[in-house]
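Here are my notes on the side-chain contacts, as promised. Have a look at the model first, then read on.

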Amino acid sequence: SDKHLTTKYLIENNVDILVTSIWEMLPHEIINATKNGTINIHPSKLPQYRGSLPTLWSLKNSDKISAVTYIILNEKMDTGDILYQKSFIIDKNDDYFSIESKIHKIINDSLLEKIKEYEEKTTIILKQNQSLSSKTAKYEDYKLIDLRNEISKDIFNKVNLYNYLD
């Protein structure tokens, strides 16, 4: 299977670290197949909005601040220790595209440096405050549009972000 081929590749090639930005759970064999573990890039201020599409939830809930969080993956959804978290402001005129642009800028400016610090063990790893956790809806459930109960801005962001992502 793909899981076994990926695990075998990571181990045989002595991969130091795996970095991912994925919306599904990786098998523990892959998470633990590298020397230094697996880092996931998550576009929210974890532990807020664990799960898929946190960008849409930030917009839907009119949040004023969000973040990009790099976590060390474990076997539960978005509960790993925090390697790095960078907050950003959400302006009232932001939409899915402007938020994604802010997220990409943070990743471009910080990812390589933070991975290097992690590998050199010069960074402080933080535990997530579990009492502050919240979850998003499942990806396929949230894609559904409810014309009676959703406001037009939420539908606009939802439809446009899905096209952007797909």
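**Notes on charged and aromatic contacts**

1. First, a caveat: this is a predicted model. Searching the whole structure for salt bridges turns up seven. I'll go through some of them below.

2. Which parts of the chain does the Asp81 and Lys127 pair link? Their side chains form a salt bridge, 3.2 Å from N to O. Asp81 is in the loop between strand S3 (65-72) and strand S4 (82-89), while Lys127 belongs to the loop between helix H4 (96-119) and helix H5 (139-142). Asp81 is partly exposed, at 23% relative accessibility, whereas Lys127 is exposed at 66%.

3. Lys102 and Asp94 make a salt bridge too, with 2.7 Å from N to O. Is Asp94 buried or exposed? Asp94 is buried, because its relative accessible area is 7% and the cut-off for buried is under 20%. Lys102, at 23%, counts as partly exposed.

4. Inside helix H4 you'll find Glu117 and Lys114, three residues apart, or about one turn of the helix. They form a salt bridge whose closest N and O atoms are 3.3 Å apart. Both Glu117 and Lys114 are buried.

5. On to the rings. The whole structure has two aromatic pairs. One of them is Tyr70 with Tyr84, a tilted pair with 5.3 Å centre to centre and 35° between the planes. Tyr70 sits in strand S3 and Tyr84 in strand S4, so the pair ties together parts that are 14 residues apart in sequence. Tyr70 is buried at 0% relative accessibility, and Tyr84 is buried as well, at 17%.

6. How are the rings of Tyr96 and Phe97 arranged? Their centres are 6.3 Å apart and their planes meet at 70°, so this pair is edge-to-face. Tyr96 is buried, with a relative accessible area of 14%, but Phe97 is partly exposed at 45%.

7. Last, a contact between a charge and a ring. The charged end of Lys60 sits over the ring of Trp57, 5.7 Å from the ring centre.

How values were computed:
Residues are numbered from 1 along each chain as its sequence is written. This is a predicted model: local features need pLDDT of at least 70, side-chain atom pairs count only at pLDDT 80 or more; totals for chains, interfaces and linings use all residues. Side-chain values use heavy atoms; hydrogens and water are left out. A salt bridge is a side-chain nitrogen of Lys or Arg within 4 Å of a carboxyl oxygen of Asp or Glu. Helices (H or I, at least four residues) and strands (E, at least two) are DSSP runs, numbered from the N terminus. Buried means under 20% relative accessible area, exposed over 50%, partly exposed in between (1.4 Å probe, protein chains only). Rings of Phe, Tyr and Trp (its six-membered ring) pair if their centres lie within 6.5 Å; planes under 30 degrees apart count as stacked, over 60 as edge-to-face and the rest as tilted. A charge sits over a ring if NZ of Lys or CZ of Arg is within 6 Å of the ring centre and within 35 degrees of the ring normal.
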